Amino acid sequence: MNSLILRAATRVLAPMMLMLSLFLLWRGHNLPGGGFIGGLVATSAIALQGIAFGPEVARRTLVLPPAVLAGVGLVVAVIATLPAGLVELPFFTGLWLKLDLGDGAILPLSTPLLFDIGVFLVVIGGVCAILLALEEDPETDQAGEP
Amino acid sequence: MEVPLALLIGLLTGVATWLMLSRNLIRLLLGFAVLGNAVNLLIFTAGRLTRDVPPLVPLDAEAIEGAFANPLPQALVLTAIVIGFGLLAFALVLAWQAYVRLGTIRTDEMREAEPPGEVKP
Amino acid sequence: MSGWYAAAPLIVAMTTAAATTLAHAMPRTQRALSLAGAFALLAASIALMDAVWRGGMIVVQSSNWDAPFGITLAVDTFGAVMTLIAAITGAACLIFAIPEIEERHRRAWFHPLSHVLLLGVCGAFITGDLFNLYVWFEVMLIASFGLMTIGGTKAQTDGAVKYVALNLVATLLFLLAVGLIYGMTGTLNYADLSRTIPNVGNTGVLTASAMLLMAAFGMKAAVFPLFFWLPAAYHTPLVSVSAVFAGLLTKVGVYALMRAFTLLFTHDVGWTHEILLWVSGLTMITGVLGAAAQSEMRRILSWHIISQIGYMVMGLALYTPLAIVGSVFYLVHHIIVKANLFLIAGVAARLTGSMELKKIGGLYQSAPLLGVLFFIPAFSLAGFPPLSGFWAKLILVRAALEGREWWIAAAALVTGLLTIYSMTKIWGEAFWKPHPEGGEAAAPLAAAPAAMLAPIVTLAAMTIVIGLFAQPFWIVAERAAAEMLDPTVYAAAVLGGLP
């Protein structure tokens, strides 16, 4: 699509949406948000780029091919379910590691966060794969597959 | 709130059924989308409606005090929406492929897999 | 820690799916990973079967949320048997696929999709929660959509449209039933449901949701009158894909039916199971008559899937200990035999050039060994002693006679006879009669890659072993049936001492 307004707006909007997606991912465990919603916002940013500047630019933003992103996400999500086995708890149990940063500040890291990051990547990879396949060449065999 | 929602679910189901009975593939998919929304609303209503109190634990507390909305149907509906979205996305791509390859989106004209003229059981 | 046995097949399948996705740019690595994953899944499911057999039901409260609040994974003997048989079929078909799939098929994500499919199938067998079952169904469905269209021929697109359209409807019916059941009982955990459903006052809505579930699972299982998508679609994809579909997908529907109507809805057996009995009889007869009218190998076999589904539902519908044993036995026997027949049809088409019976022939002269390999599953399917299908049919017919359901026993026997008709048709046309293009047109068996023959020989050997040494399999099926007919054991294992 060749629209000056869209392109100008995308330059501002896409980075902000990507930031917002990370924010949503980060606060997800206790407040509305999370990996899925964050992933969708990030995907919207990339889709916007795809519409404004063409699918090539969108691919460059992703750095990795979408399927690889989804694969990495799946691995991360699986890994998040495993640490529970080390402390003899059932599959998938959430564990927290509270890092003391000094001055009373505590950084809680958890397997649910890791899982959310996995979901975040799977959503971006999966949905972008579909979108890019639709935008580039709808007649290829693998169109539409995650 | 239950009665208007029940009526809305009924209306959506009716519209969806009418759309899905069409031979046009696109109408069928639109019907699927509408019926999906009707079903999601049904799950939401089945979990009992509680207004204005989202099931969020305050930052400084361990649990919620007092009444709060049932979070489970919301989780179920969210999952169902995600899955419905995936299925619909695939089905749309498939409809487009069918249009490109078979030259039609009318299901009664698609006879490649079961060619006409052969003996019917 | 025994809980990890139940989670292991899921972790293995998901990891393999991810690994094969990441290795997509490296064909050899991807193939190696895919095969390694299939065998790891087989190992995990053998370990699961062993653990369940020795230690009884395995229950995992995933995320450490107690039932009925979290997602429960619960594996009894039936679930473990089904997981094992799914892993065997998956491995056999993936080995068969090595020489079959071309680079363009591989590029269309054959390997990752196959493992996502196996993940969904195993998940459906392992879960103990109705909504989780829905999720696994959809995982399986999306992967099967992808697999079905690999290759991209016109017939495939056409078949896929019908497959997708009807499965979308089934999905929503399932979800509708889930919503109604949740509204009535406030829970979706199988064990909790089996305790709360008898106390639900509104039996009208209860029966309505039971019927919705029956329709949804029945559509997946391809029972009468909801089977039309199956013969429209199953003969179109790659051979290895259609063998996995034929072996496993409809059987997940049967599994779900058996779970739902032994564990959940037993409040009105006279009504629900009577319907199932009629459905099973009509499924058998229409399936086998449909097959008689076909002249393409995979289409004949597809119609036979439908008629065989009728037998499994028949056991469930009779609802006696012997009949349930018969159903479980039939499921195991059928998955092996049916997947094998599709694979053999693939080899036969490769040697002669077509699946269409009119265009081929002469296989007995050029590849007599393939004739023997075809003979074993084909006559097992029809129920000849001493092959596995004989015992499966014998148990079911005996259960029908003991239950004084004369007409269903008659239907089962007639269906068996008509199955022989179809099988001899394939035999006579593809193997016995000379090839229409002359004696040299059919290639010898040596022309088929060894990787295609190995799974066929293995599955045929399993059919013979089940037939000759039926006793151990009978004992497993008997225990699975006993567990299914006593839902209190399942409920107690999942919920523990909760009231």
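I count two residues as in contact if their C-beta atoms, placed from the backbone, lie within 7 Å. The model I am reading is a predicted one.

**Entry 1: where chain A meets chain C.** I looked up how many residues each chain brings to the contact, and I found 19 residues from chain A and 24 residues from chain C. I then asked which element gives the largest share of the side of chain A that touches chain C. Helix H4 of chain A, residues 66-81, supplies that share with eight residues. I sorted this side of chain A by class and noted 11 nonpolar, five polar and three charged residues.

**Entry 2: chain C as a whole.** Along the principal axes, I recorded a box of roughly 75 × 55 × 40 Å for the C-alpha atoms of chain C. I compared the radius of gyration of chain C, 22 Å, with the value near 23 Å that a compact globule of 499 residues would have, and the two agree. I noted that 68% of the 499 residues in chain C are buried. I also checked contacts in chain C between residues at least 6 apart in sequence, and 79% of these join residues at least 24 apart.

**Entry 3: one helix of chain C.** I examined helix H5 of chain C, which covers residues 110-126 and has 17 residues. From its first C-alpha to its last, helix H5 of chain C reaches 24 Å, close to the 24 Å expected at 1.5 Å a residue. I asked how many residues of H5(C) are buried. The count is 17 of its 17 residues, and I recorded H5(C) as mostly covered.

Definitions and conventions. Residues are numbered from 1 along each chain as its sequence is written. Chains are lettered from A and ligands numbered from 1 in the order in which they are written. This is a predicted model: local features need pLDDT of at least 70, side-chain atom pairs count only at pLDDT 80 or more; totals for chains, interfaces and linings use all residues. Helices (H or I, at least four residues) and strands (E, at least two) are DSSP runs, numbered from the N terminus. Ala, Val, Leu, Ile, Met, Phe, Trp, Tyr, Cys and Pro count as nonpolar, Asp, Glu, Lys and Arg as charged, and the others, Gly among them, as polar. The expected span of a helix is 1.5 Å times one less than its number of residues. A residue is buried if 20 or more other C-beta atoms lie within 10 Å of its own, exposed if 12 or fewer, and partly exposed in between; C-beta atoms are placed from the backbone. The radius of gyration is taken over C-alpha atoms; the globule rule is 2.2 Å times the number of residues to the power 0.38.
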